[in-house]
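User: I am new to this structure. Please show me how to read some of its features, one at a time.

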Amino acid sequence: MDLKQLFDNKVSYVYGPSGAGKTILVSKAAFEFAKEGAKVVWITFNEGRDSLYETWQSFGWNPRDVAVFDFPYIPQYRETLFNQVVDLAYKEKADIFIVDGVDAVVIDRATADAFAKMGLRSIIGIETRYNPLADIADVIIKLRAVNTDYATIRRVEIQKARGVSIKKPVWYMAILPNGPVLLSNERSYPLESSRVPAPGLLAQLLSDVPLGAQIAVYGHSQWITAAVVDTLNAVAYVHKPYQMQFFKKAKTRLVSIYEHRRLEHYAERVVSRYIITLDAEYVPRRYRDFRSTSAVWVDLYTTPPNQLEYDYVIYVDDKVARVEFSRTPLERKELQLP
């Protein structure tokens, strides 16, 4: 989903409980606007300037790209605060105007209407609950954090999107080391995804692949398929003790089939560029729905996999590795094995 397109030239409202990811979601859009040269002004009543800067720097974003103004929230001075905020927007010649804590300044429908008539390119309001600004918003997004025993899944629901074609109203947000990524059941990667060498001997075939890519490797011998993808900076999940000896470079973890639901959670917290899974045909498909874009995922099969679920499918025997499916054109399709 293109957040910049969703918020551009609109009045938008993002709401949800504390910790749902509202500020991080809007921050991603803010820096995308700033990257194109737009003047982004961020008014905060909830997050302090230092807290915002710390969050942005953790993702590698330059805080100087966004002008932040930290206001104290004084309920009895809402009307005065509203006038100050409006004056600041004009003084700073803002293109994109973000108010984190709309309830601090918008107290009725009249003041909400005034926001829409300010002549700014885009206005984005952030709040924990529904607010009068939402009544006139072109875009309304509700966030919700669902806590499970293995991860926090953030649900992003697009409740309204005037003038934008939305194919999927519900997305899931993963917060990765390089920033938030919106995921759906469809396989789509951000254009800015980093590219890394393919694992092991596959680097001679695929050159490099985007982080988040899913690769299926199959063949009659697990020992050979494992050797083909064995690489440093990788963790391999195996289900039988003897399979651990298949890998000489990758770290191995002995897990049950059903522990694979923890893989994304683990990958986000361990510096492992490649996640390798043996006996992938026995792992339920739903355990692979929320894979992050922080690693390259490699599934090893002894039977042919479903090509539609992968970016690359490679067959391996004792003589050759052959690319049977690729979403992008490749110069080379076969590799003779040593």
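**Reading burial and charge pairs**

Analyst: Start with one residue. Lys 28 counts as buried, because its relative accessibility is 19% and the cut-off for buried is under 20%. Keep in mind that this is a predicted model.

User: Which residue forms a salt bridge with Lys 28?

Analyst: First the general idea. Side chains of opposite charge can pair when their charged atoms come close. Here, the partner of Lys 28 is Glu 32, with the closest N and O atoms 3.7 Å apart.

User: How are Glu 32 and Lys 28 separated in helix H2?

Analyst: An α-helix has 3.6 residues a turn, so residues three or four places apart point the same way. Glu 32 and Lys 28 are 4 residues apart in H2 (residues 22-35), which means that about one helical turn separates them.

User: Is H2 mostly covered or mostly open?

Analyst: Mostly covered. Of its 14 residues, 12 are buried. Among them are Ile 24, Leu 25, Val 26, Phe 31 and Phe 33. From first C-alpha to last, H2 reaches 20 Å, close to the 20 Å expected at 1.5 Å a residue. After H2 comes Gly 37, with a positive phi near 100°.

User: How many salt bridges does a search of the whole structure find?

Analyst: The search finds 11. Take Arg 129 and Asp 103, whose side chains meet at 3.4 Å, N to O. Arg 129 lies in the loop between strands E5 (122-127) and E6 (139-147), and Asp 103 in the loop between strand E4 (96-100) and helix H5 (109-116), so the pair ties together parts 26 residues apart in sequence. Arg 129 is exposed, at 53% relative accessible area. Asp 103 is buried, at 15%.

User: What does the salt bridge of Lys 240 and Asp 279 tie together?

Analyst: Their side chains meet at 3.0 Å, N to O. Lys 240 sits in the loop between strands E13 (234-238) and E14 (251-254), and Asp 279 in the loop between strands E15 (274-277) and E16 (296-301), so the pair ties together parts that are 39 residues apart in sequence. Lys 240 is partly exposed, at 31% relative accessible area. Asp 279 is buried, at 5%.

User: Now the strands. How many bridges join E2 to E3?

Analyst: There are 4 bridges, and E2 (residues 40-44) and E3 (residues 67-70) run parallel.

User: Which helix makes a β-α-β unit with E2 and E3?

Analyst: Helix H3 (residues 49-58). The unit it makes with E2 and E3 is right-handed.

Methods: Residues are numbered from 1 along each chain as its sequence is written. This is a predicted model: local features need pLDDT of at least 70, side-chain atom pairs count only at pLDDT 80 or more; totals for chains, interfaces and linings use all residues. Side-chain values use heavy atoms; hydrogens and water are left out. Two strands pair if DSSP finds at least two bridges between them. Helices (H or I, at least four residues) and strands (E, at least two) are DSSP runs, numbered from the N terminus. A crossover is right-handed if, with the strands pointing away from the viewer, the path from the first strand over the helix to the second runs clockwise. A salt bridge is a side-chain nitrogen of Lys or Arg within 4 Å of a carboxyl oxygen of Asp or Glu. Buried means under 20% relative accessible area, exposed over 50%, partly exposed in between (1.4 Å probe, protein chains only). The expected span of a helix is 1.5 Å times one less than its number of residues.
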